[in-house]
Amino acid sequence: MDSYDLVVIGSGPAGRRAAVQAAKLGKTALVIDKGTQVGGVSVHTGTIPSKTLRETVLNLTGWRERGFYGRSYRVKHKITADDLRARLIKTLDYEIDVLEWQFERNRVDQVRGFAHFVDPHTIEIEKDSGEIQRVHAEAVLVAVGTRPYRPPDVPFDGQTVMDSDELLNIKEIPRSMIVVGAGVIGIEYATIFSALDTQVIVVEPRDSMLDFIDREIRDNFAAQLRDRNVKLLFGAGADKVEKASNGKARVTLSNGRVLMAESVLFAAGRQGATDTLNLEAVGLKADHRGRLKVDPITFQTEVPHIYSAGDVIGFPALASTSMEQGRIAARHAVGAEAQEPPQFFPYGIYAVPEMSTCGMTEEEIQERGIPYECGVAFFRETSRGHIMGLQNGLLKMIFSLKTHRLLGIHIVGEGATELIHIGQAVLNLKGTVEYFVENTFNYPTLAEAYKIAGLDASNRMAMLESAADD
């Protein structure tokens, strides 16, 4: 039986980063994945496909140019599902090739098959050929990710009623769609298909969406969606999803309202893919959504030599944070020094328009009773925004009145997920409003919005300080 310093179950962002980190520390590492190719959910059905689809839609529809040429402007007038898949296939092939090369040059071993625990240090792998292989692991990282939550009473068929994995394989672009669930995945796909001129209705039992986002940013985002006729129905869940005799989908809400559309995307959460791991053999138990509990600093489970990282441990369930979790967990697992996970990390939502946030929201600052001031800049106020034809988008920064330190940065609009990193750096380096006021930004750029928002906050902070002195 082969023995490894670290056995990683799952080759998504957390798994692959962990295996490579262990290998770079001179340890032996094995990655086990049930897929036919490396990459996990992130590469095959999640992060990369959804972002590739978004970029394809924005390019083919001419979405970014409509500010100048009007809503009827199109790059390609008849866009098909095959058009969307063409770019996706090329992107995935490239991603897989890069990952395979990364494993090979770092001498990380790979095995394809289903893994489950036999005992705390033994893992059995069932390959597609039926062959059974066992390996010994000094340490284990469980990074199996998640899969869409699929209630048994929802008639999934992959075309009329589908989950977020199946959406990538649709044969035709629907003219209308009901999205059940206003989480990150539901909102991203709802806005992407809206950009394709699909009539979209979003159904959410809660009274709002994306509650971890600053309310002002959420309100601006929701207003943009409603302006392009995306219907947001909050406060009523989907009690029943069924296929009607006319081939369409019918959704009955908890308040009695009935909706009908050509398709339904059921995106009401995900669950950890831990049910086949035989966790009982090592004394571990997943929660009702298949997630594992870990130490937030080391990512160690209740079993000392078993770690877990990525989506399977829950929030924030981002590819970026999963990579860092995997790297930190691997260092702990093989006995190397590791820093604590960063306090502030950027959260990106690749909707149309994008949103990104880092640090505290205005609501969190109010709850803590911290005296603060905000600075806001609208993208249309920047020369670059005008050149690009941007009519929407804003950047908001929140500063402490006492220390002038940046407490939170929140952006909605074109390039939000790229722009956030300037604010993230200042936030983690404990920078102040003076950084944005006193430094020079390239002109014309959207990053100039930082300067505008910094001046906006600084001017009002100065007035408040002057009034206090009086």
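1. Let's start with Arg 291, which counts as partly exposed because its relative accessibility is 30%; here buried means under 20% relative accessible area, exposed over 50%, and partly exposed in between (1.4 Å probe, protein chains only). Its side chain meets that of Asp 287 in a salt bridge (3.0 Å, N to O), a term used for a side-chain nitrogen of Lys or Arg within 4 Å of a carboxyl oxygen of Asp or Glu. Asp 287 is partly exposed too, with a relative accessible area of 34%.

2. A word on what you are looking at: this is a predicted model, in which local features need pLDDT of at least 70 and side-chain atom pairs count only at pLDDT 80 or more, while totals for chains, interfaces and linings use all residues. Residues are numbered from 1 along each chain as its sequence is written, and side-chain values use heavy atoms, with hydrogens and water left out.

3. Back to the charged pairs. Searching the whole structure turns up 25 salt bridges. One of them joins the side chains of Arg 54 and Glu 354, at 3.5 Å from N to O. This pair links distant parts of the chain, 300 residues apart: Arg 54 sits in helix H3 (residues 47-61), and Glu 354 in the loop between strand S18 (347-349) and S19. For the labels, helices (H or I, at least four residues) and strands (E, at least two) are DSSP runs, numbered from the N terminus. Both Arg 54 and Glu 354 are buried.

4. Helix H7 deserves a look of its own. Its 13 residues (215-227) should span 18 Å at 1.5 Å a residue, and the end C-alpha atoms are 18 Å apart, in agreement; the expected span is 1.5 Å times one less than the number of residues. The buried residues of H7 are Ile 217, Arg 218, Phe 221, Ala 222, Gln 224 and Leu 225. Seen down the axis of H7, they fall within an arc of 160°, so they line one face of the helix; the arc is that of the directions from the helix axis to the C-beta atoms.

5. What covers that buried face? The cover of the buried residues of H7 includes helix H6 (184-195) and the strands S11 (231-234), S19 (355-359), S21 (394-400) and S22 (406-412). Contact here means heavy atoms within 4.5 Å.

6. Asp 214 caps the N-terminal end of H7, with a side-chain oxygen 3.1 Å from the backbone nitrogen of Glu 216. Asp 214 and Glu 216 are also linked with Glu 362 and Lys 396 in a network of salt bridges. Arg 218, for its part, forms a salt bridge with Asp 211, the closest N and O atoms being 3.5 Å apart.

7. Some backbone details to check on screen. Asn 229, in the loop between H7 and S11, has a positive phi of about 70° although it is not a glycine. With a relative accessibility of 48%, Asn 229 counts as partly exposed. Ala 317 is another residue other than glycine with a positive phi, near 55°. The place of Ala 317 is the loop between S17 and H8, and Ala 317 is partly exposed, with a relative accessible area of 35%.

8. That loop, between strand S17 (306-308) and helix H8 (319-333), also holds Pro 316. A cis peptide bond joins Phe 315 to Pro 316, with omega about 10°. A cis peptide bond also joins Tyr 443 and Pro 444, with omega about 0°. Pro 444 lies in the loop between helix H12 (433-438) and helix H13 (448-469).

9. Which residues does Val 202 touch, leaving aside its neighbours within four places in sequence? Its contacts are Val 179, Gly 181, Ala 182, Ile 187, Ala 190, Val 230, Lys 231, Leu 232 and Leu 233.

Terms used:
A polar contact is a pair of N or O atoms within 3.5 Å; within protein, one must be able to donate a hydrogen and the other to accept it, and residues adjacent in sequence count only if both atoms are side-chain atoms.
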